[in-house]
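Morning, everyone. Please bring up the model on your screens, and keep the sequence beside it.

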Amino acid sequence: MEKNSSGVSPTEAASALDTLTEDRARLASRTAVPRTLMATFGGVAAWWVASAASISPGEHYEPPTSGWLALVGALIITHLLQRETGLRLRSVGARAGWALAGILAACLALFSVSLGLVSLGLPWAVALTALVAFVTTTWLAGLAYRSALEELRRD
C-alpha cells in the first residue's frame, strides 16, 4: 500500500480538479468562432471547386493538382486557427466529425457537378457551384468548431 507523499488530501485534489474543469468550461464558453478563418476555409473550398472550370473533362482528363494545394491550405488554416485561439482540439466529437465529412462530401459533389457543367459548355455556371461550396464550407466549418468547443467543455 502506497502513501500519499505529496501531502495533498484527496478532498483538496478533487477541489483542484473541479476548479480546472470549471476553468475549461469558462474558456470554451468565452471563445468565439473566428469567422475570418471559417470564411478562409470556405474560400479554399470555393477555389478548389472553381478549378474545375480550367479542366477539360473527357477522354484526356487529368485530375488537377489543386486538390493537394487545397489540402495544404486547409492544414495551414487549421494551424493558424490553433495559433489564434490558443486551443488545441484533441477530440472534436461526433457532431464535428459529421460536419467535416459533410464538407468533404459537398465539395466532392460540387466539383463533380462543376466538371459536368464544363463538359456541357457552361463553364460560367461553375461560379454558382463555387459560391455554394463557399457558403456550405463556411457554415459547416463554424458548426464543427462550435461542436469541438462543446467537446472541450465536456472533457
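Let's start with contacts, meaning heavy atoms within 4.5 Å. Take the contacts in the protein with a separation of 6 or more: 83% of them join residues 24 or more positions apart.

A word on the source. This is a predicted model, where local features need pLDDT of at least 70, side-chain atom pairs count only at pLDDT 80 or more, and totals for chains, interfaces and linings use all residues. Residues are numbered from 1 along each chain as its sequence is written, and side-chain values use heavy atoms, with hydrogens and water left out.

Now the overall picture. The protein has 5 helices and 0 strands. From the N terminus, the order reads α-α-α-α-α. Helices here are DSSP runs of H or I with at least four residues, strands are runs of E with at least two, and numbering goes from the N terminus.

The protein has 155 residues, and 31% of them count as buried. Buried means under 20% relative accessible area, exposed means over 50%, and partly exposed lies in between, with a 1.4 Å probe and protein chains only. The accessible surface comes to about 10200 Å². Carbon and sulfur atoms hold 64% of that surface. The areas come from the Shrake-Rupley method with a 1.4 Å probe; for residues, only the protein chains shown count as cover.

On to helix packing. Two packed helices are described by the angle between their axes and the distance between the axes. The axes are lines fitted to C-alpha atoms, for helices over the stretch in contact, and angles run from 0 to 180 degrees between N-to-C directions.

How do H2 and H3 pack, roughly parallel or roughly antiparallel? Their angle is about 180°, with the axes 10 Å apart. H2 and H3 are therefore roughly antiparallel. The cut-offs: under 35 degrees is roughly parallel, over 145 roughly antiparallel, 65 to 115 roughly perpendicular, and the rest oblique. On the H2 side, the contact includes Phe41, Val44, Trp47 and Trp48. On the H3 side, Ser66, Ala70, Ile77 and Glu84 are among them. By class, this contact has 12 nonpolar, 4 polar and 1 charged residues. Nonpolar covers Ala, Val, Leu, Ile, Met, Phe, Trp, Tyr, Cys and Pro; charged covers Asp, Glu, Lys and Arg; the others, Gly among them, are polar.

Next pair. H2 (residues 35-50) and H4 (residues 93-119) pack at about 30°, axes 8 Å apart. H2 and H4 are therefore roughly parallel. H2 brings Ala45, Trp48 and Val49 to the contact; H4 brings Cys107, Leu108, Leu110, Phe111 and Ser114. That makes 7 nonpolar, 1 polar and no charged residues.

Find Ser66 in helix H3 (residues 66-85). Is Ser66 buried or exposed? Ser66 is buried, at 7% relative accessible area. Beyond its neighbours within four places in sequence, Ser66 is in contact with Trp47, Trp48 and Ser51. Ser51 is 15 residues away along the chain, and the two C-alpha atoms are 7.1 Å apart.

Stay in H3 for Leu71. Leu71 is partly exposed, with 43% relative accessibility. From Leu71 to Trp48 the C-alpha distance is 9.6 Å, across 23 residues in sequence.

Last, Leu108 in helix H4. Leu108 is partly exposed, with a relative accessible area of 45%. Leu108 and Ala133 are 25 residues apart along the chain, with 9.6 Å between their C-alpha atoms.
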